Amino acid sequence: MNATAAPARFLQVPATLLGTVRRFVVGDREPMEAVNVLRQIGYELGDEVYSALNERLSRDYAGTEWGALDPTEFWRAAAGFFTDRGWGALSFRDLHPAVGVIELSGWVESEAEGGPRGAHLSTGLFSALLERLAGAGVAVMEVPSGSADRTRLVFARGDVLGLVYEHVRGGASLEDAVARL
């Protein structure tokens with residue numbers, strides 16, 4: 001964030017807002033179209049979330065450049081950022097040099113009623129956030145987590161994630177799909 005940019009602004013709203021947004025986004029749309037709209041809304045929020053996360057990292061790790069920050073420290077700060085804002089718990093796993101996983105538990109969007117189930121807004125949000133961090137395109141998709149109280153987002157370059165998607169769609173577990181890369 002440059003010195004002249006205004007700090008990111010956030011407001012506190014009831015968590016039920018996400019269910020309301022999902023219901024109204026669905027409206028008369030086909031389910032996949034509604035999912036894409038939710039992802040785009042999340043993606044559009046990415047710049048503000050990036051700015052706020054950058055502010056937090058600047059405060060917590062003064063003088064440390066993004067590239068010098070240990071990934072464990074970065075993900076710890078990101079987890080605290082989202083937890084403090086009421087989204088839920090976040091943890092990161094490195095599955096492969098080209099594939100990462102964000103595990104979300106107690107994630108407010110995943111638990112919201114109404115509209116298409118899943119973390120579609122968060123998928124778009126993390127895509128935008130990770131693109132800003134990486135300085136290049138990053139694709140994010142939700143995959144089955146095997147647990148009702150957990151959401152799993154997988155991220156990688158688009159071509160790599162496309163290969164993972166094809167294997168998962170064909171019935172492979174995420175771990176098996178990544179092992180085939």
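How much space lies in the second largest pocket? About 550 Å³.

First, the ground rules. This is a predicted model, in which local features need pLDDT of at least 70, side-chain atom pairs count only at pLDDT 80 or more, and totals for chains, interfaces and linings use all residues. Residues are numbered from 1 along each chain as its sequence is written, and side-chain values use heavy atoms, with hydrogens and water left out.

Now the overall layout. The protein has seven helices and four strands; these are DSSP runs numbered from the N terminus, with helices being H or I of at least four residues and strands being E of at least two. Read from the N terminus, the order is α-α-α-β-β-α-α-β-β-α-α. The C-alpha trace spans about 45 × 40 × 25 Å along its principal axes. The radius of gyration is 16 Å, which agrees with the value near 16 Å for a compact globule of 181 residues. That radius is taken over C-alpha atoms, and the globule rule is 2.2 Å times the number of residues to the power 0.38.

Next, the sheet. The four strands make an open sheet in the order E1-E2-E4-E3, with antiparallel pairing; two strands pair if DSSP finds at least two bridges between them. Which strands stand at the edges? They are E1 and E3 (139-143), each with a single partner strand, so one side of each has no neighbour in the sheet. From one strand to the next, the twist averages 25°.

Take the E1 and E2 pair. The two run antiparallel and are joined by seven bridges, and they form a hairpin with two residues between them. Within this pair, Phe92 is opposite Ile102 in E2, and Ser91 is opposite Glu103 in E2.

The other hairpin is E3 and E4, with six residues between the strands. Gly146, in the turn, has a positive phi of about 85°.

H5 lies across E1, E2, E3 and E4 and runs at about 150° to E3. H6 (residues 158-169) lies across E2, E3 and E4, at about 20° to E3. Contact here means heavy atoms within 4.5 Å; axes are lines fitted to C-alpha atoms, for helices over the stretch in contact, and angles run from 0 to 180 degrees between N-to-C directions.

Now the pockets. On a 1 Å grid over the protein atoms alone, a cavity is a set of points where a 1.4 Å probe fits but cannot get out, while a pocket is an open set with protein on both sides within 12 Å along at least five of seven lines; lining residues have an atom within 4 Å of a point. Grid points are joined across faces, edges and corners, and a volume is the space filled by probe spheres set on the points.

The largest pocket has a volume of about 760 Å³. Its lining has 23 residues, with Phe10, Leu11, Val13, Arg85 and Trp87 nearest the centre. H2 gives the most to this lining, with four residues. By class, the lining holds 17 nonpolar, two polar and four charged residues; Ala, Val, Leu, Ile, Met, Phe, Trp, Tyr, Cys and Pro count as nonpolar, Asp, Glu, Lys and Arg as charged, and the others, Gly among them, as polar.

Back to the second largest pocket, at about 550 Å³. Of its 24 lining residues, Trp75, Leu130, Leu133, Ala134 and Phe155 are closest to its centre. H5 gives the most here, with four residues.
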